[in-house]
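I opened this notebook to keep track of what I looked up, entry by entry.

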Amino acid sequence: MTQKVAVLGTGKIGEALLSGMIRAGWAPADLLVTTRRAERAEELRTRYGVDPVTNAEAAKHADTLILACKPQDMGALLDELAPHVTVDRLVISAAAGITTAFIEERLPGSTPVVRVMPNTPVLVDEGMSVISAGSHASAADLSHAEDIFGAVGKTLRVPEAQQDACTALSGSGPAYFYFLVEAMTDAGILLGLPRDKAHDLIVQAAIGAAVMLRDSGEHPVKLRENVTSPAGTTINAIRELENHGVRAALIAALEAARDRSRALASGNG
């Protein structure tokens with residue numbers, strides 16, 4: 001791995017990528033980082049042995065630029081980078097709702113751009129990063145993006161038109177599970193359990209269920225049926241979930257998230 005990669009805006013997600021890349025075999029000497037604060041830059045240098053640089057220096061010296069800034073900062077960052085970016089650079093955006101067209105319009109000529117939507121489990125190497133090609137990105141560019149984000153979880157290629165739906169399912173997805181665990185913990189307390197015990201029971205149930213979904217190859221309906229005995233406890237609970245419209249509420253929630261992602265991408269924030 002001899003190419004230089006720069007992470008611009010090394011917050012939590014950016015640091016997770018940096019850490020994952022080093023564990024996957026990238027040499028710290030081939031990694032550059034940019035930050036707003038000098039103390040943060042020194043922290044990253046000490047922790048990972050990487051070189052903090054300015055945004056302009058990153059654009060001049062790195063072969064791949066990962067833009068991990070906040071969406072509202074993207075325009076200003078691109079204005080700063082544009083004079084220094086050449087068309088042989090690969091630009092990867094990890095900013096939610098920012099289209100490849102938005103970036104391409106602000107960079108020289110046919111600069112290749114790849115859009116990635118990671119989610120927060122990249123912080124524990126269990127992320128899902130959804131990858132889409134811009135109009136100038138090649139198959140090799142997509143593979144390179146997969147190598148980087150594959151260091152912190154799984155990757156999935158989709159057409160960019162599907163990014164808003166993926167944001168609703170995957171980008172926002174962890175929050176739905178946290179919400180469900182929160183609600184189930186409250187239910188456990190109502191049923192007479194201490195909060196810590198209710199929490200531990202539900203978290204382990206969630207981990208076990210997730211591993212079975214991933215590794216068993218079974219459809220979720222089949223896995224649910226395996227827990228659901230005739231006239232038993234589970235089917236009574238499922239009936240109440242259906243009576244309260246939980247399935248319909250989840251569909252409506254995901255549609256709302258997708259619509260909000262579309263609005264942000266169109267600049268109607």
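Predicted model: local features only at pLDDT ≥ 70, side-chain atom pairs only at ≥ 80, totals over all residues.

Residues are numbered from 1 along each chain as its sequence is written, and side-chain values use heavy atoms, with hydrogens and water left out.

**Entry: the cores.** I looked up the largest nonpolar core, which has 27 residues, and found that Ile66, Ile92, Val114, Ile148 and Phe149 have the most contacts inside it. At least two residues of this core come from each of β1 (5-8), α1 (12-23), β2 (31-34), α2 (38-48), β5 (90-93), β6 and α6 (139-149). Such a core is a set of buried Ala, Val, Leu, Ile, Met, Phe, Trp, Tyr and Cys residues joined through side-chain atoms within 4.5 Å; helices (H or I, at least four residues) and strands (E, at least two) are DSSP runs, numbered from the N terminus. I then followed Phe149, which, leaving aside neighbours within four places in sequence, is in contact (heavy atoms within 4.5 Å) with residues including Leu17, Ile66, Ile92 and Val116. Another core, of 21 residues, lies apart from the largest one, and Val53, Ala62, Val91 and Ile98 are among its members.

**Entry: Ser132.** Is Ser132 buried or exposed? Ser132, in strand β7 (residues 127-133), counts as buried because its relative accessibility is 0%; buried means under 20% relative accessible area, exposed over 50%, and partly exposed in between (1.4 Å probe, protein chains only). Its side chain reaches the backbone oxygen of Val158 at 2.8 Å. Not counting residues up to four places away in sequence, Ser132 touches several residues, including Val114, Leu142 and Gln163.

**Entry: the surface.** I next turned to Tyr178, in helix α8 (residues 173-190), which counts as exposed because its relative accessibility is 53%. Glu39, found in helix α2, also counts as exposed, at 51% relative accessibility. The side chains of Glu39 and Arg37 are joined by a polar contact of 3.2 Å, the term standing for a pair of N or O atoms within 3.5 Å, where, within protein, one must be able to donate a hydrogen and the other to accept it, and residues adjacent in sequence count only if both atoms are side-chain atoms.
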